[in-house]
Amino acid sequence: MSDEIEATDPDSIEELEKKFRQERKALQAKIQSLKKSVTKGDKKKKKEVQEEIAQLEADLDKRQKEEEENFNLNSPTKSLDNVESVANDEKSLEETQDNVAAPVARVSKAEKRRQKKATAGRERNARIQEQESENLLGPRHKEMVAIVERLRERGLAIHGIIADGNCLYSAVEHQLKEAAAPVVDSDYKALRKLTANHLRLNRDDFLPFLCNQDTGDPMSETEFEAYCKKVEKTTAWGGQIELRALSDALKYPIEVVQAEGPPMTIGEQYLASKKPLIVTFHRYLYRLGEHYNSVAPYVEDEQES
């Protein structure tokens with residue numbers, strides 16, 4: 001069984017990252033399935049599903065982190081210290097053989113690697129078990145439960161968005177489709193371009209609120225153009241500046257639901273004519289940082305089995 005697992009291990013960091021993305025996507029699908037499995041009126045089941053979702057996310061984060069550490073540990077670019085350590089172990093074993101009457105079997109390098117990997121696996125499992133109780137009391141779980149409950153009161157549920165840097169734009173894209181909004185080219189790439197162009201056309205409205213992250217000084221016009229290009233061309237994470245630009249460019253109000261405090265609405269001037277696009281803001285959902293999800297109608301019992 002171990003040979004089969006090793007045969008499928010990624011050979012490069014690019015393959016490992018691709019594997020992580022696929023696992024995230026599969027987890028989001030599983031989460032949606034779990035939510036739909038909750039029977040109407042079964043409060044106990046609802047709570048169990050929420051806790052299971054939080055645990056699944058915590059387990060995946062932990063496992064991916066350990067896989068990355070294990071990948072680096074077993075990478076061909078090991079440090080010379082590891083090689084010297086193996087050599088020293090072999091030398092010590094040979095010296096022991098010279099000083100005892102009975103022969104001692106030499107441990108092969110392959111066996112040492114297997115033992116090291118097994119030890120790392122046991123330590124990883126121990127750490128995961130220690131984390132289980134902490135995860136249920138940690139900020140991520142508390143935040144998720146609070147957001148889920150706030151949405152449930154409004155007949156809504158979280159619609160998961162992949163954490164790839166485009167989450168804000170992908171969440172707005174989903175909301176536009178849910179609202180059947182007459183917006184041409186509403187995929188996240190088009191929304192990034194729309195945001196960047198709106199920033200450029202309204203530079204005087206946005207530039208005073210931006211600064212150089214390294215120096216803290218007000219952002220220059222050259223730096224502002226570089227900032228707009230980053231918004232348009234990269235997977236840079238979007239924040240309140242981009243939310244405001246998106247709202248104005250689309251002429252749509254955008255409501256942000258958080259675990260604490262009242263929902264924040266960007267573009268309130270558009271509320272008279274349009275319902276807000278609703279996204280959720282998570283501070284602790286992923287190790288990489290803040291994240292946006294979308295919402296969808298809450299379905300208690302989609303299909304009787």
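**View 1. Largest nonpolar core of the predicted model.** Of its 31 residues, V172, L176, L199, F224, L250 and Y292 touch the most other members. A nonpolar core is a set of buried Ala, Val, Leu, Ile, Met, Phe, Trp, Tyr and Cys residues joined through side-chain atoms within 4.5 Å, where buried means under 20% relative accessible area (1.4 Å probe, protein chains only). At least two residues of this core come from each of α7 (167-178), α8, α10, α11 (240-250), β2 (254-257) and β4 (277-286); helices (H or I, at least four residues) and strands (E, at least two) are DSSP runs numbered from the N terminus. Helix α7 gives the largest share, 6 residues. The model is predicted: local features need pLDDT of at least 70 and side-chain atom pairs pLDDT 80 or more, whereas totals for chains, interfaces and linings use all residues. Numbering starts from 1 along each chain as its sequence is written, and side-chain values use heavy atoms, without hydrogens and water.

**View 2. Surroundings of L176.** Neighbours within four places in sequence aside, L176 is in contact (heavy atoms within 4.5 Å) with A181, V183, S186, L191, L250, Y252 and L277. Another core, of 12 residues, lies apart from the largest one and includes M144, I147, V148 and L156.

**View 3. Packing of helices α8 and α10.** The axes (lines fitted to C-alpha atoms over the stretch in contact; angles from 0 to 180 degrees between N-to-C directions) of α8 (residues 188-201) and α10 (residues 221-233) come within 7 Å and cross at roughly 165°. The two helices are therefore roughly antiparallel (angle over 145 degrees). In α8, R192, K193, T195, A196, L199 and R200 meet F224, E225, Y227, C228, K229, K230, V231 and E232 in α10.

How values were computed
Parallel < 35°, antiparallel > 145°, perpendicular 65-115°, else oblique. Buried < 20%, exposed > 50% of the residue type's maximum accessible area, 1.4 Å probe, protein only.
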